[in-house]
Amino acid sequence: MFRKTMLTSLVSAVLISGVANAESISGVVTDSDGNPVVGATVSVAGENQQAVTDAAGRFAVSMQAAHAELHVEASGFAHRSLHFTVPQQGLSDVKLVLLNSTIEVIDVKATLFHASATESALPVNVLAGDKLKMRQASTLGDTLKNEVGVHSNFYGGVASSPIIRGLDGPRVLITQNGLDAGDASRVGPDHSVASEASTATQIEVLRGPATLFYGSGAIGGVVNVVDERVPTDSTSRAEWMVQRESVNNEKLVTGSAVSGTDNIAVYVDGFWRDSDDYSIPGFAEAEPEEGEKKGKVANSASEAKGGTVGASWLLSNGYVGISYGRLEREYGIPGHSHGGHEHEEGEAHEEEQVYADLTQNRYQLLSELNFSSGLIRAVNTRLAFTDYEHAEIEAGVVGTTFKNRSQEARLELLHRTLGHWRGGLSLHYKFSDFEAIGEEAFTPPSESQMLAVGLMEERHFGDWLVQLGARVERVTIDASDVLLPDIGAHSHGEEEHDHDHGAGMIRAFDVSQKFTPYSLSAGTVWDFAEGYNLGFSISRSQRAPSAAELLSFGAHIGTQSYEVGAMFSLDDDEFVLNTQPIELETANNLDVTLRKFSGNTGFVLNAFYNRVDNYYYQQNTGLFAESGHSHDHGDEEEGHEHGGELPVYLFTAADVTLHGLEAQFNWQINDPFKLTLQGDYIRARLNDGGDLPRTPPLRMAAELAYEHDAISADVRATRYYKQDNVSELEQATAGYTLLDASVSYRFELGSQLLTAYIKGQNLTDEEARVHTSFLKNITPLPGRSVAVGLRGSF
């Protein structure tokens, strides 16, 4: 498949060549006061022509068609699209006016269409620049947890993943430069995401179905981590950062650099991060429970290091580049520890360490080739091969090993403007060989394969931008040696009997499932007034359940549960093969977004409604099963203690409805002060009655920022309200308020621009338990934390 994809790109490059005659447009870009805008980018939509304005704000571009759409963007201004009819002799002295914006406008790399967060029919978050550097954390979920519509499934600070509108796991795709991260984080929240925020240039979050671009694994959204591992230019530059944090004694060193010649660009980055068990509030004076450290969460330490090298061949019409990255991470597994015990003299043994040892080797090939004539204007190729492995180690012995070897290829053929429509065809292939071996291998080895074709088009009708798309996939899941053991599940009220589980009846069989999910989407953005637009998106997206959702059958100690997949059903407290066909999960999603993005005030208001048929979720059966371990797993949510037993959760398909509101308001009070207010609310219900588990609570936040000359500062208060819309056998979670603040100072030292900063989190030392966490009872959020750091660039 890789050879075929590369061959297609090369053949296209040969067939589509030549230079056509072109008309031109020249003029000046100014702000609303008539001042020239320096460094603005003017590009021709649907073509490969662009120019950057000079010191006088002037530009000149050429195009192939008589009807042209210019897209203009500049830092601190709202992007703008303008339409022109160009005579054969061209147009000159055109004046393009940009409106200043209080909303940071950044280009989005995660979509096929050129767009920013304020131009998309779907709501998009982009975290970049200094804001990303200040918010970067050891996990992806904790890095993004303050973004509108995004929460974290906080797993003791070592393996947190982002939750988008109440959806996570296999419904939220994590990508690195547009390609699947290729780790095991979608299998369980205790598995770390194999990406590093400290070396990223920006992180993008597409809220709502992004299946047209990425497939059925993105039915809930996409998080795309963007870095420069395949550089697109050779301008010499470098960044570095060092940081020390108090709450967990974390040390961070990270840096990246780009350099090269006219035709070759080279990239290198590296990082090292080390932390101890983190401190928690409310327990400093209390006596720790057995196996716990006083005032700390046991098994929450981590150490990670990694590096990437990449190189690109820079062509006159694009680039072709390759990269290799290696990631190594050791992190504790909270709630998965051997309880301490006493010597004969009464002295307690030190707790046994339980941790995961993760390694990943990742290879990527990225290319973008643009052509000046012919039907095809660009061919984009993305290839990745990932070799991932993590071992869970107890008392120095490997207990379980998870492996995932994946291959992915995506080819995008973008055509020239046809009848005012522009877009392209996407061909996408993905293969995953997943294997879990050991005593906690709760899901059998499996191979998953996906082949898809998608078509996406957009067109302007006056002040309306219309986007249409369709995608169809072929998904296969094959597994051998799927087990159906007799686990002797029982409820609290039953009399417990002795079971010889080692000799119990176990059935083994093979599974082969085939699915054909499809997705349809239509969206529009209406610029109904200067500085305002209204976005509307409707989609129907389908998803095949993952191998873990289908085939799991075993103790998942990391989530303190016994997981049983949808291939099985419960019959009189006994699990049997499910005789009902496995259905596709189908989401019908509606999004409406109102934006004001110019002037001293700006806002983004979003409402969404998502009805999902055959939604696969973990239903608490009320039964308990032997874990096969004598670990100290903490108290269960029901308040009962069952040594060596775990509650049984069954993956069940049900019709659900998720709806909610998201809002952000920005006010540039005066030159140095800016106020930001934001909030989000999610309601997730079973259509037959009841609520989905671990739904994020109502959240509101206020941030006052100051920026003048060399000083930047901000203070932020976030209120998480009580969550009592809970599923059966799930506990409510109390509300809490977090107070954060930061101050930074910029200065020059030789050729370097340096920034010294200090930031504090949870400054009031609030005890806070994250409702979306599987381990909220034993892993509250960290207590008061202060971090100091220095970063530089040159």
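Strand β34 gives the most to the lining of the second largest cavity, with four residues. Strands here are DSSP runs of E with at least two residues, helices are runs of H or I with at least four, and both are numbered from the N terminus. The model is predicted: local features need pLDDT of at least 70, side-chain atom pairs count only at pLDDT 80 or more, and totals for chains, interfaces and linings use all residues. Residues are numbered from 1 along each chain as its sequence is written, and side-chain values use heavy atoms, with hydrogens and water left out.

The second largest cavity holds about 530 Å³ of space. A cavity is a set of points, on a 1 Å grid over the protein atoms alone, where a 1.4 Å probe fits but cannot get out; lining residues have an atom within 4 Å of a point. Grid points are joined across faces, edges and corners, and the volume is the space filled by probe spheres set on the points. This cavity is lined by 32 residues, of which Asp168, Arg171, Gln618, Arg694 and Phe774 are the closest to its centre. Two or more lining residues come from each of α5, β34 (601-626) and β35 (645-668). By type, the lining has 15 nonpolar, 11 polar and six charged residues. Nonpolar covers Ala, Val, Leu, Ile, Met, Phe, Trp, Tyr, Cys and Pro; charged covers Asp, Glu, Lys and Arg; the others, Gly among them, are polar.

In total, the structure holds 10 cavities of 30 Å³ or more. The lining of the largest cavity divides into 19 nonpolar, 15 polar and eight charged residues.

Strand β11 also belongs to an open sheet of five strands, in the order β8-β13-β14-β11-β12, with mixed pairing. Two strands pair if DSSP finds at least two bridges between them. At the edges stand β8 (124-128) and β12 (179-180); each has a single partner strand, so one side of each is left without a neighbour in the sheet. β8 and β13 (residues 202-207) run antiparallel and are joined by five bridges. Asn125 stands opposite Val205 in β13.

Thr175 lies in β11. This residue is buried (under 20% relative accessible area with a 1.4 Å probe, protein chains only; over 50% is exposed, in between is partly exposed). The value for Thr175 is 1%. Beyond its neighbours within four places in sequence, Thr175 is in contact with Asp180, Ala181, Tyr214, Val222, Val223, Asn224 and Val225. Contact means heavy atoms within 4.5 Å.

A further open sheet has three strands in the order β4-β1-β7, again with mixed pairing. Its edge strands, β4 (58-63) and β7 (91-98), each pair on one side only. Six bridges join β1 (residues 23-31) to β4, and the two run antiparallel. The bridge partner of Val28 in β4 is Arg58.

Across the protein chain there are five helices and 41 strands. Of its 794 residues, 55% are buried. Among contacts in the chain with a separation of 6 or more, 66% join residues 24 or more positions apart.

Definitions and conventions. 1 Å grid on protein atoms, 1.4 Å probe; cavity = no way out; pocket = protein on both sides within 12 Å on 5 of 7 lines; lining within 4 Å.
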